[in-house]
Amino acid sequence: MVVGASAAGLAAAETLRREGYDGTLTLVGDELHVPYDRPPLSKQVLSAEWPPGRVVLRAPTELDALEVQLRLGVAASGLDVADRTVCLADGSEVPYDGLIVATGVRPRRLPGEGAHVLRTLDDALTLRERIGPGQRLVVVGAGFLGAEAAAVAWRLGARVTLLEPARVPLAHVVGEEVGRVLSRAHLERGVDLRTGVTVAEVTEEGVRLADGEVVEADEVLVAVGSLPNVEWLAGSGLTVDDGIVCDEYCEAARDAYAAGDVARWHNPLFGMSMRIEHRTNAAEQGMAAARNLLNPGARKAFAPVPYFWSDQYEMKIQAYGYLRGHEEVRVVEGELEEGRFVAAYRTGERLNGVLAVGMPPKVLRGWRQGVAVGAAWKDAVG
Amino acid sequence: MRVELDEPKCVASGQCVLAAPEVFDQRDEDGIAFVVDGQPPEDVLDAVREAVAICPAAAIRLAER
């Protein structure tokens with residue numbers, strides 16, 4: 001049984017079948033839509049470049065071929081790992097022999113009513129209806145999601161204000177210098193990026209800041225991070241600590257695995273516990289969890305090099321590895337000023353990650369390889 | 001089996017090249033992937049299926065013919 005019908009859950013279900021599991025397979029999802037892809041929501045869907053149907057991950061024939069009992073529009077409401085039973089919100093109970101939990105995350109919200117968030121297809125379509133030329137949009141949070149949405153809204157002709165509590169957006173992930181390059185992209189286009197600004201609440205006029213000032217807006221988008229969907233696991237027997245706590249095999253309890261945004265697992269490549277909200281990780285971890293569930297005698301530790309990308313204006317940002325908590329950043333190829341560069345991130349004595357903008361793929365692959373083998377900083381960077 | 005790539009969907013992650021370097025490559029100028037060998041031999045099909053599964057844009061298909 002797989003709980004969660006987005007990228008990780010779908011990858012898990014497909015892998016179970018590909019690896020030869022031919023028993024009953026149930027895939028539960030709380031949204032009514034068939035599995036779809038989320039990264040385009042803040043890009044091609046918000047900009048209306050794509051019709052919504054283009055985000056569907058698998059054609060109906062491909063889903064049929066999976067021979068899966070698809071239970072859409074029903075959330076899981078409880079789990080008992082001793083009993084091996086999942087309870088669903090419609091009151092039914094589903095027994096399982098093996099379980100993969102991929103219930104993802106939901107957006108954090110702010111006090112007050114009327115703000116948009118951007119996580120689901122419905123969220124994206126609602127917001128898309130409301131932004132257009134001359135509209136005043138306030139985006140709270142200049143992280144990757146907020147920055148992408150601001151970039152799209154700007155292109156659609158909206159008057160965009162981007163409010164960010166940190167002094168330099170994304171500095172805790174990408175470092176101050178790279179963060180300033182990303183900030184400049186907003187400022188150069190006339191997006192009103194205001195940093196060091198804390199929003200207290202959403203109001204009818206717009207948002208009220210911590211110092212009492214009101215920033216007026218026609219629409220407000222709140223993009224201040226996510227919370228793992230774990231409340232339904234209370235009393236389940238699984239350990240929850242900012243995500244479902246798993247070992248290096250993604251196992252959370254006997255024959256119960258977790259994958260995707262909701263899973264906190266020990267990544268042996270970096271020697272640390274992590275929870276990754278990246279599209280690529282969802283698929284890779286769904287596959288890894290499925291394989292380990294099916295082959296208990298030949299389990300493999302899940303030790304990926306995390307990867308993410310972000311499209312902001314004409315910039316494609318790509319990063320490999322684990323950038324958070326870095327102690328040093330160095331530009332190792334290209335120039336920050338030219339918007340074409342690779343930045344390397346040191347944690348301890350090793351190369352823990354790289355971030356690139358506008359560089360050829362072969363250059364990037366070389367640096368990724370350095371992260372994948374856990375290269376010493378002095379060897380990789382000098 | 002025929003490998004199909006929906007180029008406008010590609011996000012230039014290069015995951016396919018890592019999974020199946022015999023079958024995929026990326027353009028230097030923008031990193032968009034292209035198919036090097038559209039009808040790969042049997043022994044690399046598992047690698048192609050891996051690429052289909054991990055492509056973060058769901059841009060690759062392996063079609064029967």
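What we have here is a predicted model, in which local features need pLDDT of at least 70 and side-chain atom pairs count only at pLDDT 80 or more, while totals for chains, interfaces and linings use all residues. Residues are numbered from 1 along each chain as its sequence is written, and chains are lettered from A, with ligands numbered from 1, in the order in which they are written.

Helices (H or I, at least four residues) and strands (E, at least two) are DSSP runs numbered from the N terminus. Take helix α6 of chain A, residues 176-188, whose 13 residues reach 18 Å from the first C-alpha to the last, close to the 18 Å expected at 1.5 Å a residue; that expected span is 1.5 Å times one less than the number of residues. Which residues of α6(A) are buried? They are Val178(A), Gly179(A), Leu182(A), Ser183(A), Ala185(A) and His186(A). Seen down the axis of α6(A), these buried residues fall within an arc of 145°, so they line one face of the helix; the arc is that of the directions from the helix axis to the C-beta atoms. On the face turned away from that buried side, α6(A) carries the exposed residues Leu187(A) and Glu188(A), and just after the helix Gly190(A) takes a positive phi of about 90°.

Let me turn to strands, where two count as paired if DSSP finds at least two bridges between them. Strand β24 (residues 328-335) and strand β25 (residues 340-347) of chain A run antiparallel and are joined by seven bridges, and Glu328(A) has Arg346(A) in β25(A) as its bridge partner. The two form a hairpin with four residues between them, and Gly339(A) in the turn has a positive phi of about 70°. From β25(A), seven bridges lead on to strand β26 (residues 350-357) of chain A, again antiparallel, with Val357(A) in β26(A) as the bridge partner of Phe341(A). Here the hairpin has two residues between its strands, and Gly348(A) in the turn has a positive phi of about 60°.

Those were glycines, but what of other residues? Most residues other than glycine have a negative phi. Cys250(A), however, has a positive phi near 75°, and Cys250(A) sits in the loop between β17 (244-245) and β18 (251-253) of chain A, where it counts as buried with 29 C-beta neighbours inside 10 Å. In chain B, Ala58(B) has a positive phi near 50°; Ala58(B) lies in the loop between α2 and β4 (60-63) of that chain and is buried, with 23 other C-beta atoms within 10 Å.

Finally, how do the chains meet? Counting two residues as in contact if their C-beta atoms, placed from the backbone, lie within 7 Å, 13 residues of chain B are in contact with 18 residues of chain A. Helix α2 (residues 45-54) of chain B gives the largest share of the side of chain B that touches chain A, namely three residues.

Conventions: A residue is buried if 20 or more other C-beta atoms lie within 10 Å of its own, exposed if 12 or fewer, and partly exposed in between; C-beta atoms are placed from the backbone.
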